Amino acid sequence: MAHVIAVAGKGGVGKTTLCGMLIQYLCEKGKGPILAVDADANSNLNEVLGVKVETTLGDVREEIARAELAKENPIPTGMSKADYAEMRFEDALVEDDDFDLLVMGRTQGKGCYCYVNGLLQTQLAKYQNNYPYIVVDNEAGMEHISRGVLPSMQTAILVSDCSRRGVQAVGRIAELIKECDMHPDTVGLIINRAPKGELNKGIQEEIANQGLTLLGVVPQDETVYEYDCEGRPTSTLPEDNPVKTALRAIVDNLKL
Ligand SMILES: Nc1ncnc2c1ncn2[C@@H]1O[C@H](COP(=O)(O)OP(=O)(O)OP(=O)(O)O)[C@@H](O)[C@H]1O
Ligand SMILES: [Mg+2]
């Protein structure tokens with residue numbers, strides 16, 4: 001069974017950037033194949049990984065949910081809706097050398113998605129046998145995990161910037177994990193974009209207030225930001241990039 005690692009935190013703190021580096025590092029360590037899942041409605045994990053996405057699971061869910069209503073039903077005669085959905089879900093899997101990427105995407109929300117979400121859940125459960133690691137880039141609410149579409153995680157990596165509000169947001173996510181009975185083995189915090197890679201006193205206090213376990217601190221780095229602005233995948237950053245180095249040390253300590 002796959003070890004599921006979920007990355008979450010409030011908006012814009014660097015979840016996707018760190019998630020991409022985590023996936024790349026696990027691949028380099030020979031832990032692949034990795035299933036990378038972009039579970040953020042505003043998906044962009046593919047950009048940091050440098051891969052193109054044609055179809056999202058949201059597109060497929062929409063297509064299946066609407067199939068019965070449509071004049072031109074896309075499902076070939078003689079094929080069951082479940083088999084068609086499975087085929088289309090597999091089309092949505094982007095394959096790279098050491099990892100595959102699935103993008104949850106979004107749906108318009110009209111119509112009923114219970115049936116198709118059930119099919120998707122079955123499909124994702126199958127993938128758990130195919131990959132040693134599944135890494136999920138989430139939004140703060142971890143919608144797909146808390147609703148059971150994605151499997152629950154063994155490791156939760158919660159990311160915050162160097163602000164009290166960021167750390168408080170992580171505190172709420174840690175509460176949500178408890179409330180939803182997710183029971184991961186590890187729940188830890190990464191402080192990202194720390195000036196000079198240092199934690200200030202106030203943030204240290206807030207981490208203690210929230211009862212969070214600090215996994216490590218990742219520095220603010222202009223090169224990472226420039227890559228993002230220029231649309232270059234952060235997976236192509238130099239080996240000695242300080243953000244990469246810091247993240248790798250954190251991952252090594254997690255003993256995944
Ligand atoms: N350590 C860092 N140093 C400098 N810039 C960083 C660092 N980490 C992330 N960034 C930049 O911060 C911005 C937001 O990062 P990212 O998209 O990874 O955050 P996110 O938490 O996934 O955001 P969202 O909530 O929108 O999904 C990007 O421009 C990224 O390049
Ligand atoms: Mg993101």
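The largest cavity has a volume of about 50 Å³. A cavity here is a set of points, on a 1 Å grid over the protein atoms alone, where a 1.4 Å probe fits but cannot get out, and lining residues have an atom within 4 Å of a point. Grid points are joined across faces, edges and corners, and the volume is the space filled by probe spheres set on the points. This is a predicted model, in which local features need pLDDT of at least 70 and side-chain atom pairs count only at pLDDT 80 or more, while totals for chains, interfaces and linings use all residues. Residues are numbered from 1 along each chain as its sequence is written, and side-chain values use heavy atoms, with hydrogens and water left out.

The residues lining the largest cavity include Val-7, Leu-18, Cys-19, Leu-22, Ile-157 and Val-159. Helix 1, strand 6 (155–160) and helix 10 (242–254) are the elements that give two or more residues to this lining. Helices (H or I, at least four residues) and strands (E, at least two) are DSSP runs, numbered from the N terminus. Helix 10 supplies the largest share of the lining of the largest cavity, four residues. By class, this lining has eleven nonpolar, no polar and no charged residues. In this scheme Ala, Val, Leu, Ile, Met, Phe, Trp, Tyr, Cys and Pro count as nonpolar, Asp, Glu, Lys and Arg as charged, and the others, Gly among them, as polar.

The structure holds two cavities of 30 Å³ or more. The second largest cavity has a volume of about 40 Å³, and among the residues that line it are Met-21, Gln-24, Tyr-25, Glu-28 and Arg-248. Helix 1 gives the most to this lining, with four residues. The lining of the second largest cavity divides into three nonpolar, one polar and three charged residues.

Arg-248 deserves a separate look. This residue belongs to helix 10. Arg-248 counts as buried because its relative accessible area is 17%, where buried means under 20%, exposed over 50% and partly exposed in between (1.4 Å probe, protein chains only). Leaving aside neighbours within four places in sequence, Arg-248 is in contact (heavy atoms within 4.5 Å) with Tyr-25, Glu-28 and Glu-239.

Next come the pockets. A pocket is an open set of grid points with protein on both sides within 12 Å along at least five of seven lines. The largest pocket holds about 560 Å³ of space. It is lined by 25 residues, of which Gly-14, Thr-16, Thr-17, Val-48 and Asp-228 are the closest to its centre. Helix 1 (15–28), helix 2 (45–49), strand 7 and helix 9 (222–230) each supply at least two lining residues, and helix 9 gives the most, with four. The lining of the largest pocket is made up of eight nonpolar, ten polar and seven charged residues.

About 200 Å³ of space lies in the second largest pocket. Of its 13 lining residues, Ala-174, Glu-175, Ile-177, Lys-178 and Val-187 are the closest to the centre. Helix 7 gives the most to this lining, with four residues.

Which residues of helix 8 are buried? In helix 8 (residues 201–209) they are Ile-203, Glu-206 and Ile-207. They lie on the same side of helix 8 because they cover an arc of only 100 degrees around the axis, the arc being that of the directions from the helix axis to the C-beta atoms. An α-helix has 3.6 residues a turn, so residues three or four places apart point the same way. The face of helix 8 turned away from the buried side carries the exposed residues Lys-201, Ala-208 and Asn-209.

At the start of helix 8, a side-chain oxygen of Asn-200 comes to within 3.1 Å of the backbone nitrogen of Gly-202. After helix 8 comes Gly-211, which has a positive phi, near 65 degrees.

The last stop is Ser-80, in the loop between helix 3 (57–67) and helix 4 (81–91). Ser-80 counts as partly exposed because its relative accessibility is 34%. The side chain of Ser-80 reaches the backbone nitrogen of Asp-83 at 3.0 Å. From C-alpha to C-alpha, Ser-80 and Glu-205 are 57 Å apart in space, and they are 125 residues apart in sequence.

Technical notes:
Chains are lettered from A and ligands numbered from 1 in the order in which they are written. A polar contact is a pair of N or O atoms within 3.5 Å; within protein, one must be able to donate a hydrogen and the other to accept it, and residues adjacent in sequence count only if both atoms are side-chain atoms.
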